[in-house]
Amino acid sequence: MKLGKLTDYRVNGQEVILDFEGREARIWVVTPYIINVFCGEDGNRPCSKAIEGDKMILVSPKVCQKEDGLWIHTGKVSVRVSDGFYVDFYDENGVEVCGDYRGERRPLQRVSKEVLKLLEEEGHAAQDHRQEHAFEVVKKMDASAHFYGLGDKTGFLDKRSYEYEMWNTDNPDPQVDSFKALYKSIPFFIALGKEYVYGIFLDNTFKGYFNMGQESESYYWFGADGGCLNYYYIAGESMAEVLKGYTYLTGTCPLPQKWTLGYHQSRWGYVTQEDVEEIASSMRKNDIPCDVIHFDIDYMQDYKVFTWNEERYHNDPKAFLDRLSKDGFKVVVINDPGVKVEEGYEVYEEGLHGGYFARTPEGEVYSNVVWPGEAVFPDFGNPEVREWWGQHQSFLLEKGVRGIWNDMNEPASFRGPLPDDVVFTDEGRKAEHREMHNVYGHLMAKAAYDGLKDLDGRRPFVITRACYAGSQKYATAWTGDNTSMWAHLQMVIPQLCNLGLSGMPFVGTDVGGFGADTTPELMARWVQVGCFSPLFRNHSAAGTRRQEPWEFGEEVMGIYRKYVKLRYRLIPYMYDLFFEEEQTGMPVMRPLVLEYEKEDAARVCNDEFMLGSRILVAPVVHPGMTKRMVYLPEGVWYDYWTQEQLEGPVWFIREAPLDCCPVYVRAGSVLPVMEPQSYVGEKPGDILYLEAYPGEGSWEHYLDNGEDFAYRDGKYHQYHFEVKEDGMVNGEIVHAGYDKPYKKVLVQRAGEKEWKEINHDR
Ligand code: MIG
């Protein structure tokens, strides 16, 4: 964005107001590490959907005018603003970390005029000029830069050399690398270079553009189609610190109920009570642990939200859900935003009378087609609408439903997209679809979360498809309609890791693939990745090959069982990761680069990942492969299956027959594990089991009732364990607030069979 000469400035607390020949811009020091750069029409920041509450930390920035520009020093970051509104960031040693690019942009001409004309005649979309955006920020890029995050995008971990768009999109085609957008818009990325790391969060909800060096090797740029230039520069010593800064701004994911970490079985097409009964009993009969069954749109009456086709449930769904619950199954149901246009239908009538639906510019209620047919769209930007929607969930809760799955909330529509000028509300003011589109799902999830919290009191379990920055505060997310193909199994790793780096730790993909027919081998390999993903749900589309664990013969079912059981074993460890994540923003599933950012191999690793800081997973994601190349970063590692010790950094080949997913544990680990059970809480859980991997290290283990918010009043236990080179473990209780702490702590040393009791008193 080019402004004129910097003619004047004034300091207002932590904000510096800059005058560029009559056009105003601002630099706001939010914390010593976080700087906001702003330029908008009337000088006022719009109300952020991502950032809630006051995030300012008191700093006294030093401001001084020098020959080369106006300098603002926070003590940790220095900002230089110069004529033309160029903004450069320096670290505390005065080294430039992130600077605006001042050179000429590369012309976009890709083909000659003649070829362009030919292409157009043939009906191909070709471009030889750059699109105009409301603003663009162009930053220097050096040869060492890698980019991570950007929410949910196709392709690989490192986003360098690709361009993306922020526009929540439901495109049912198989997702490939050339897709510019999926269902979520999280305009945040981390730049990691040889000597630097920083983050940028563009808090703008309009259609956004992120060109991460696709246009040039000298710069990258980002921009949007409307709204204000409003970005946050986030400094830190490491990627983890940058992420901590980002989640400090936009929030972390609240600790989930423990059962949500169990296995979820879903399919579009469980229509009747008998269908569901069959799934539940087959899970138990086949000894496959399972906590959750999902009900897709089939349970509703004519696809009307907040209705139930009771006939298909022997006229008493509540009795059925109660029965399932006795057997340890929790039910999650889908809930779409589109409300059927039908006279006399309560939800429609209420919304109509309340003025709760989006309108055309002429003031008519706007409608489009979704599952129920002609449908209208709740205006979730209006707090009253969120409250109304949230309270309606009592209909589902009363039947015994334990979680809400928000689908189609981009919002998706079947009769063409919603026009840009459909009128919504942004809290107190009117705002068009072009501005509210990317936050529609976010606000729907907020409505669901707040409603559930109020009605139920337990930690709300909401799953959403569409997201904006900060959606982690309300919902877990799944990545939408993937396809049963190997490329999509491969994509799971960078996709979920980048979501974690974008502040969304509780995420998963449809295990086995949603569209198309999966194969036994693909299923076996997919569950080996799925069992380590934070949200572990097998889901598939109606009409595709059935995808329940028993559909692929004994061998694959055995493999399936082995990995679902491994998942259950690791639930206490994963729960600890969620506890850590709520404090620090560190994701549960991590790319290697987050733990080993100095290692070149880690920076571009797409086929291995970490579960927390202690477990490294190197799954097979190619058909026919029964060995794979494994990279282990620096340090001593244990092969989880053989207990063999290895020393990194090292590359080697590991045998990986169909039933083997290579897993490694860092030396110096204490992994809390759970005894085998069919669902979380089936066994009393009053003994803590620890797997110890010799080496120097420690672990914080967390225990509470796994259900409500009592932990926020201190009603939890925290244990601190230390392990030594000889594998001996010491433990102490560092916080004692839970009324059912462990009666015993048993330790098993790597490679040994025996469990030994240890003392763990204060
Ligand atoms: O237009 O509810 O992504 O998980 O099974 C498709 C039916 C609507 C899309 C979701 C998918 C779900 C399906 N839905």
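**Notes on the model**

1. The largest pocket has a volume of about 800 Å³. It is lined by 36 residues, and those closest to its centre are Lys-258, Val-680, Gly-681, Pro-684 and Asn-705. A pocket here is an open set of points on a 1 Å grid over the protein atoms alone, with protein on both sides within 12 Å along at least five of seven lines, and lining residues have an atom within 4 Å of a point. Grid points are joined across faces, edges and corners, and the volume is the space filled by probe spheres set on the points.

2. Before going further, a word on the ground rules: this is a predicted model, in which local features need pLDDT of at least 70 and side-chain atom pairs count only at pLDDT 80 or more, while totals for chains, interfaces and linings use all residues. Residues are numbered from 1 along each chain as its sequence is written, and side-chain values use heavy atoms, with hydrogens and water left out.

3. By class, the lining of the largest pocket divides into 16 nonpolar, nine polar and eleven charged residues. In this scheme Ala, Val, Leu, Ile, Met, Phe, Trp, Tyr, Cys and Pro count as nonpolar, Asp, Glu, Lys and Arg as charged, and the others, Gly among them, as polar.

4. The second largest pocket holds about 480 Å³ of space. Of its 22 lining residues, Met-1, Lys-2, Arg-105, Glu-136 and Val-138 lie nearest the centre. Strand 8 (86-90), strand 10 (135-140) and strand 18 (229-235) each give two or more residues to this lining, and strand 10 has the largest share, with four residues. The classes here are eleven nonpolar, three polar and eight charged.

5. Now to the ligand. How many residues surround it? There are 13, of which Asp-296, Asp-407, Arg-465, Asp-481 and His-539 are the closest; a residue is near the ligand if one of its heavy atoms lies within 4 Å of it. This shell is made up of eight nonpolar, one polar and four charged residues.

6. A polar side-chain atom of Asp-296 is 2.4 Å from a ligand oxygen atom, and an N or O atom in the side chain of Asp-481 is 2.5 Å from an oxygen atom of the ligand. For Asp-407, a polar side-chain atom sits 2.7 Å from a nitrogen atom of the ligand. The protein buries 95% of the 350 Å² that the ligand exposes when taken alone, with areas from the Shrake-Rupley method and a 1.4 Å probe.

7. Three cavities of 30 Å³ or more are counted, a cavity being a set of points where a 1.4 Å probe fits but cannot get out. The largest cavity contains about 120 Å³ of space. It has 16 lining residues, with Cys-253, Pro-254, Pro-256, Pro-460 and Phe-506 closest to the centre. Eleven nonpolar, four polar and one charged residues make up that lining.

8. Please also check the backbone in a few places. Most residues other than glycine have a negative phi, and most peptide bonds are trans. The peptide bond from Glu-410 to Pro-411 is cis, with omega near -5 degrees, and Pro-411 lies in the loop between strand 25 (403-406) and strand 26 (423-426). Gly-648 and Pro-649 are also joined by a cis peptide bond, with omega about 5 degrees; Pro-649 is in strand 38 (residues 645-655).

9. Two residues other than glycine have a positive phi: Glu-21, near 45 degrees, and Leu-150, near 60 degrees. Glu-21 is in the loop between strand 2 (15-20) and strand 3 (23-29), while Leu-150 is in the loop between strand 11 (146-149) and strand 12 (163-166). Is each buried or exposed? Glu-21 is exposed, at 54% relative accessibility, whereas Leu-150 is buried, at 0%. Buried means under 20% relative accessible area and exposed over 50%, with partly exposed in between (1.4 Å probe, protein chains only).

Definitions and conventions
Polar contact = N/O pair within 3.5 Å; in protein donor to acceptor, adjacent residues only side chain to side chain.
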